Amino acid sequence: MRLIITIISFTLWGVIAFAQEGQVQIIGDERIDLLIEKHKYLNRHQSTLDGWRVQIFFDSGTNSKRKATDALNRFSSRYHETKAYLSFKEPYYRVRVGDFRTRLEAEGFLHNIKADYPNAFTVSDKINPPPLALPASSE
């Protein structure tokens, strides 16, 4: 019985050892590689992120562009550390402020400006990525 177990063991080890040799050939459409490269390129060159902003103004009609520009200038002079953006999406001109990664950050900022802009609200938007912090020099 011991001899049979030894023979079976050597046979299994031999099969396992030979199973480790071989080649893998991947057969696929070369357009898949082109799509992967395009995906990498777009990710490297994407200039916006999904995020949040606070909308402080929107209006349509006569003089709405001038009113939006005035709202943007008033905000920029009061909160100069926060960027403001004027956009037009028919039929509305709107002013959105901030580049917040999370809704919580946007809601916190909204709370700070609510006295000046009581009708403001948070909106999901494409934002500019925050600048990368430079590492502290070790001098």
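The structure holds eight aromatic pairs, where rings of Phe, Tyr and Trp (its six-membered ring) pair if their centres lie within 6.5 Å. The model is predicted: local features need pLDDT of at least 70, side-chain atom pairs count only at pLDDT 80 or more, and totals for chains, interfaces and linings use all residues. Residues are numbered from 1 along each chain as its sequence is written, and side-chain values use heavy atoms, without hydrogens and water.

Aromatic pairs

- Phenylalanine 75 and tyrosine 117 form a tilted pair, 6.0 Å centre to centre with 55° between the planes; planes under 30 degrees apart count as stacked, over 60 as edge-to-face and the rest as tilted.
- Phenylalanine 75 lies in helix α3 (residues 64–78) and tyrosine 117 in the loop between α4 (103–113) and β4, so this pair ties together parts 42 residues apart in sequence.
- Both phenylalanine 75 and tyrosine 117 are buried (under 20% relative accessible area, 1.4 Å probe, protein chains only).
- The tyrosine 79 and phenylalanine 109 pair is edge-to-face, because the ring centres are 6.1 Å apart and the planes are at 70°.
- Phe75, Tyr79, Phe100, Phe109 and Tyr117 form one aromatic cluster.

Aspartate 125 and arginine 53

- Aspartate 125 lies in strand β4 (residues 121–127); strands are DSSP runs of E, at least two residues, and helices of H or I, at least four, numbered from the N terminus.
- The side chain of aspartate 125 has a polar contact of 3.4 Å with that of arginine 53 and one of 3.1 Å with that of arginine 96.
- A polar contact is a pair of N or O atoms within 3.5 Å; within protein, one must be able to donate a hydrogen and the other to accept it, and residues adjacent in sequence count only if both atoms are side-chain atoms.
- Arginine 53 lies over the face of tyrosine 85, at 3.8 Å from the ring centre (CZ of Arg or NZ of Lys within 6 Å of the ring centre and within 35 degrees of the ring normal).

Key:
Buried means under 20% relative accessible area, exposed over 50%, partly exposed in between (1.4 Å probe, protein chains only).
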